[in-house]
Amino acid sequence: MITLLVNENNPLSQTFYNELIEDLQIYKISCPQCKCIGHFGIHGYYTRTVTTGIASVSIRIQRIKCNSCSMTQALLTSQMVPYSQIALSTQVKIIEEIEKKTSYSSIEAKLSISIYCINYIISNYYKYWKQMKLIASLDFSNLSKLTQLSFANYSLQFMQIRNTANSLWVNTT
Ligand SMILES: [Zn+2]
């Protein structure tokens, strides 16, 4: 998959996503698998649900296919965490609340996220990610920086658990 870096203040919506994809210079993107640049072609869609807890959206995600290695890649945004329906901003809020010793039931009420999901996120965080935050000594106030740091050190989106190749695309224009 390829993660498009966006400012965290952008809405998580199909309209925003579509505009992002329209502006994307696909010929500049390098393949996370074979590293070839500019060999991608459009290759269908799939729908994924992303939730902030308060609101859920279904987003039609663009897939692209590398003509060199034939691997298909999904184009996600840095608002999303691969394999999770819970938005990055919400996962970060949950971690912040837990670190402030807020109870699970208060977080559930505040963010509309089930205790089961809170538990899952927190255990992932302590198992895989807390160390990274310690090394970085980074606060959670700038999510796009957090994403960039995470990719720079681990080649993964922050809070991504599965080790599937993911590369960050930063639009420099
Ligand atoms: Zn490739």
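**A zinc site, a strand residue and a helix face**

Thr49 lies in strand 2, which spans residues 40–51; strands (E, at least two residues) and helices (H or I, at least four) are DSSP runs numbered from the N terminus. The model is predicted, with pLDDT of at least 70 needed for local features and 80 or more for side-chain atom pairs, while totals for chains, interfaces and linings use all residues. Residues are numbered from 1 along each chain as its sequence is written, and side-chain values use heavy atoms, without hydrogens and water.

Thr49 has a relative accessible area of 29% and is therefore partly exposed (buried is under 20%, exposed over 50%, partly exposed in between; 1.4 Å probe, protein chains only). Leaving aside residues up to four places away in sequence, Thr49 touches Ser56, Val57, Ser58 and Gln85, a contact being heavy atoms within 4.5 Å.

Turning to the metal, the zinc ion is held by the SG atoms of Cys31, Cys34, Cys66 and Cys69, at 2.2 to 2.3 Å; donors are N, O and S atoms within 2.8 Å of the metal (3.2 Å for Na, K and Ca), and water is not among the atoms, so sites may look incomplete. Cys31 is buried at 1% relative accessibility, whereas Cys34, at 29%, is partly exposed.

Helix 1 (residues 14–23) has Phe16, Tyr17 and Ile21 as its buried residues. Viewed down the axis, these fall within an arc of 135 degrees, so they line one face of the helix; the arc is taken from the directions from the helix axis to the C-beta atoms. They pack against strand 1 (2–4), strand 3 (56–66) and strand 4 (72–77).
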